[in-house]
Amino acid sequence: MTVGQFLPGDSLVHRLDPRLKLLATFGGVAALFLVKGWLGLLIIAAGSGIVMAASRVPPSYLWRSIRPLLIILAVTFVLQLFGYPGTALVRLGPFTITHEGVREGGFLTARLGLLLLSSLMLTLTTPPVALTDAFEWLLSRLRRFGAPSHELALMMTIALRFIPTLFRELDDLVKAQKARGVDLSVRDPRRLSQAVLPLVVPLFVLSFRRADDLSIAMTSRCYRGGHGRSRYREMSFGALDIAGACLVGVWLVVALTAGRGWA
């Protein structure tokens, strides 16, 4: 599983300051929820496509990253398809597919897909340590209110890093169950739930064990949070980052301006 993993590279996107990439991701997500029409959504999609091309992430790797998330997009579309009121197109027993449901389902699915893609591009092109520093810099304004910005940033990054680890643990559990003769390819929901249920408890146990090992490792290295800590690499904006910030600003302004068109 490649969800949440960092893919090393030397592209323009990889060389950008992590703070800029984090703010650009947040700006893109905010623009996704502010645009109301397909034109603004297509402009955001075009910008995301340019970023993907500039990052030089192999399409096959990107597909493996987003494939496990397709079930979320499918469920979103189906819920809107059958649950949105409006002009009936097709009636399937007690369910009705409406024209407005098809339109809203497609729009929300595209919006959610771009949101997932933006978060994937951030994690694929930014090392976890740099992402931690960017989160800490963004949350540093809250220190005056007593908020532990460093600990919050570290918690977010560890959560992202644990996603592929848990997927690997789940894959090992599935292989162990198959080696014991458990059939996980059945289509009957009741039999499938009975086969999958034994995976839940060991997965929770393994995740807690991983967290405990990590806490022991951090304690043995005298980790005390962000107070008084220095950094091996200092972040600084360069000419490439300034140019990237200008392009991102223009992209978001154009998307928000055109977001009311083609509803």
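**A walk from W38**

Start by selecting W38: this residue is partly exposed, with a relative accessible area of 25% (buried means under 20%, exposed over 50%, partly exposed in between, using a 1.4 Å probe and protein chains only). You're in a predicted model, where local features need pLDDT of at least 70, side-chain atom pairs count only at pLDDT 80 or more, and totals for chains, interfaces and linings use all residues. Residues are numbered from 1 along each chain as its sequence is written, and side-chain values use heavy atoms, leaving out hydrogens and water.

How many aromatic pairs does a search of the whole structure find? One. The ring centres of W38 and F107 are 5.4 Å apart and the planes sit at 85°, so this pair is edge-to-face (Phe, Tyr and Trp rings, the last by its six-membered ring, pair with centres within 6.5 Å; planes under 30 degrees apart are stacked, over 60 edge-to-face, the rest tilted). Now show helix α3 (residues 38-55) for W38 and helix α6 (residues 99-125) for F107: the two residues are 69 apart in the chain. Helices here are DSSP runs of H or I with at least four residues, and strands are runs of E with at least two, numbered from the N terminus.

Next stop: R19 and W137. R19 lies over the face of W137, 5.4 Å from the ring centre (the cut-offs: NZ of Lys or CZ of Arg within 6 Å of the centre and within 35 degrees of the ring normal).
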